[in-house]
Amino acid sequence: MKYRKYMEELKVSEWDSQYLNYKQGKKNIKLFCSSIPKPERTYAGKKPHLSSLLRSQTRAGFSEVPAQQEVNAAATPVPNSEDEEDIGPGNLRRTVTDNFNPGPLLKRLTGFSTKTKYSYQDSAQAQATAHGKFTIWLMSELTKIEGFYKKKEDEALKRFLALEEQLTIMQKRQAGKTYSMGIGSIEFSLRKRSPSGSEDESMYSMRPLETGGDRADYERADEKHRKPINRPTEQAVRGRLKYACIEYYRRLEFLRSYIVVNREAFRKITKKFDKVSGLQMSNMFMHKHITMSYFAGMENKLDRLINDTELLVAKCFYGSDRKLASTRLRTRGHKSLYHGAFLRSGVYLGAASVIGIYAVWEAVVRIMTGEDDDLTEKTKYVMQVWAGIALMLLQALLFAINLRVWAQNRINYAFIFEFDPRHNLNHRQFLEIPAFLTLAFVICFWFSIHDFWKNKLDMIHFPIIYLGFVGFLIFNPLRTYYGKARLYFIDTLRRVIMSGFCHVYFKDVWLGDMMTSQAYAFSKTYLFFCLYATAWDNPGTCSGSDKQLWGLIGGIPAFLRLVQCIRRYYDSGQWFPHLANAAKYSINVTYYVTLNLWRVDKENLLHRNIFMGVAIVASCINIFWDAVLDWSLMNPQASYRFLRNDLFFKSVIGYYLALILNPILRFSWVLYIVFAEHKKYEVLLGFGVATGEIFRRFIWCFLRMENEHRGHVESNCAYKDPKLPYQFSKDDEMKMSLITSHGESTEPLLTSPHDHAHGDEQVQTHQTSEPMNNDEETATLESTKTSIYYMGRKKSTMQRLGRALSTAHRKDYERKGDRRQSKFGDPDLDTDGGISITDSDEEED
C-alpha cells in the first residue's frame, strides 16, 4: 500500500487540512527536480533493480531509445576528439562521445548518455535550487503543523484544569475532607475520616512529588477552588465526569496520532526527495527541524498529559488500578472486519428474497383470481398492513448502505451521531439487524398469505406475532444482541416522541427526518387498529376514503419536526434557520391535511385546487431547502458549477443526479392528480409514491451527512467537550477565563526542567504578548470591529446571503448560545441533579 493511502486511513478526517500535504509534496518534488540532469538523479546513489527496468520497457523492445533532456547545452561547449586528450582528472567538465551508442537497458543501468552534455557545476546548482525550494515548502508545512498542535495542546491543558477542578470538588464533597491537589508527576492518597475519628487511607488525594530542578509544581490549595452554585446528585456527577474523562482521553489520542502521522510523513516525503534529487537531506532535516520541533520533540506535554489523566481517572473511578483505567479510557477500534456478521446478513437477505418473491406472487394470484370474496378482501387489507412494515425495513436496509459509503469516504458519522466510539456498530454489524428482521418479516408474511393452519391460526394473527417479536427484540432489557445500540435507539426515539420537553440534538433531528419519510407507514397505523378493533368482520368499513383520521396520522412526523424547530429556537434564540424550518414543516403538515380532505371527497374541485396549491408551495420550498441549506449546493461560482468547492465523494456525477432526482421525487404527488379516476389502483399508487420517498430520503442522507462532516472539517472539530456537572457563577467564570487566557494557570501546568533549559529560545517560541491595559484593549477591540464592519460592507448582499444559507445546517448541531442554560443552569441535569441516559451511559465495571 502506498504511504499516501495509508496516511489517509490514519488521519483524523476533521483535521485533514492541518496535516502535511503529502500529495502536494510529491507534486513539488516532481516540479522542483525537473531541472536536475537525469544522470545526477541516481536515486541517492542506488541503481534501480533489473526487474523494474525490464517491466518498464515498451512494446517495441530495447531498440527504442528514451528521449534525453538537454540541460544547459548552450552553456557547455561540445568538445571534439582532439580536446578529449587534454581532459584531466581534476577537470569539472565531463563529456561523452557520440561514437559509442549503448542500448537503452545499458544506458539506464550505467547512466551513459550520448546526447546530454552538461557540467558538474550546473548539476550542483540545479540540486541546490531544488533543495532550497523544497526546504521552504517543508518549513511552511512545519509552521502550519506546529501552530495547529500548540493550539490544540493549549485547549487540552485548559480542559485538564477544568476536569481536575471538577474531580476535586467531587472528592471533597464525597470525603468531607480538605486537601491540596498537584498536577504533573503526582501521588495520590486521600485520608478519609472514619466514624471512630481516625483517618483512613482512601483512594484519592493529590500532592506534588519532589521532581528536582527549579520546577515549581502547579498546586491548588483548597481555598483556591471555586465554589459551585449547584448540588447535583453523586450518581449524576460520577456518570458525567467519567464520560467527560473518556472524551478528553479520546482527544489526547487524536493528538498523539497527529504527531505520529506527521512525523512519519516528513520522513517519507524527504526520503522521496532524496530518491529523486540524488541528495541526502532526509536525515539532516529530520534531526535539525523535526526532532527539535515542539510538536515532535521532547518539549510537548502530551505524554505527561496522558500519564496524568490515567492516574487521575484510576484514583477517582477504578481504585488506583491504572491498567484498568487505561483500558477503559482507550478507544477500541474495530479490529475485526466482522465477516461473520456480513455472511449471516447475506444468508438472511438471500433467503428472504426467495421466500418474499414467492409470497407476493401467491398473494397477487389470490387477489387476481378472486375465488373467495371474503378471503380476497382480507388479503387486500392484510397486504396494506404488511406494506407499511416493509417500508420501514427497506429504509433500515438502505441506511446500512449509507453507513458503508460514509465509512468508505471517511465521513465521520459516528462522531456526528454521538456514538460511543467503544461500542458503535460498523456497517456490517448494523446490516445484520435489518437483515434478520427482514427474514422474520417474509416468513410471517408467507405464513399469513399461504394459510398453513386453516381454522387454527388465521392470517390476521401473523402481523401481531411479528410486531410482538420485533418489540421484544428491541425493547428487551437483556444486553445481548447489540444491547448498547438498542439502548441508543430507544433513547433517541423517546426524545423524538417527547419533542418540546427536552433538548434537541442532531441525532433527534435525523431520526425525525427519517420518520417524515414514513408517512405511509404512520397512516397505516389507523388501518391496523381499526381492523383489529372490529375483529376483521367487515374490513371495508376501515377504508381510508371514509375516515378523516387516515391521512392526518401521516402528518404526525412532520408535526414532531415542527415542535423540534420551535424548541431549538427557544433554546438558542436564533430565528434563522429554526423558525424558517418550522414554517417549512407547518406547510408540510398542511399538505397532509389538504390531501386528506381531497381524498375524502374527490369530487370537490375546491379541495383539489387547494391541495395542488399547497403541494406546489411545499415541494418548491423543500427542494430549495434540500439543495441549498441541507446540502450547501447550487453555488454558481464553485469549481464544480452549481455544486461547491469541497466535495468528499469522488463521483461528481452523483451530485448532479441527486439535484435532478430530488425534484422529480418531490413532485411525485402529481400522480395522485393524474390517476385520480383510477380508484382500483389507489392503494398501489400510494405504496409506489411512498417507496419513491424512501429512495429520495436515501439519496438525501448521503449529502446531508457529508455536508455536516464538511462543517466539522472547516472548523477542525473532531471531538466534543461534554458539559461538566458543577456550575459556577458568572464572576467565577470570568475570572477563570482571564486566568487561562493570560497563561497564568496553564504555563506552570506540566512543565519540566527541560523547558527551562532552552532559555531565550523557549521564550521566543512560546511567550505570548504582554497583557494589554483596559484602554489599549478597548482601542484594539474598536478598531477590530471597525475593520470587520467595513470588510462586511465590501461583500455583496448575495454573498452574505449565500454564506448564511450554506452554513445554516450547522446550527442543527451547534449548541452554543443556549438561553435556557443561562437562565436555569444545565438543562440536562434535572432539579434533583439527575442526568439524562445519554450522559450517564457508563461502561460497566
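Biologist: Happy to start inside: which residues does Arg696 touch, not counting residues up to four places away in sequence?
Modeller: This is a predicted model, where local features need pLDDT of at least 70, side-chain atom pairs count only at pLDDT 80 or more, and totals for chains, interfaces and linings use all residues. Residues are numbered from 1 along each chain as its sequence is written, and side-chain values use heavy atoms, leaving out hydrogens and water. A contact means heavy atoms within 4.5 Å. With residues up to four places away in sequence set aside, Arg696 touches Ser517, Asp626, Asn662, Leu665 and Arg666.

Biologist: Is Arg696 buried or exposed?
Modeller: Buried means under 20% relative accessible area, exposed over 50%, and partly exposed in between, using a 1.4 Å probe and protein chains only. Arg696 has a relative accessible area of 1%, so Arg696 counts as buried.

Biologist: Which helix does Arg696 lie in?
Modeller: Helices here are DSSP runs of H or I with at least four residues, numbered from the N terminus. The run covering residues 682–715 holds Arg696, and that is helix H24.

Biologist: What share of the 845 residues in the protein chain is buried?
Modeller: The under-20% cut-off for buried applies here too. Across the 845 residues of the protein chain, the buried share is 46%.

Biologist: And what share of the contacts with a separation of 6 or more comes from residues 24 or more positions apart?
Modeller: These contacts follow the 4.5 Å cut-off again. In the protein chain, residues 24 or more positions apart account for 77%.

Methods
Helices (H or I, at least four residues) and strands (E, at least two) are DSSP runs, numbered from the N terminus.
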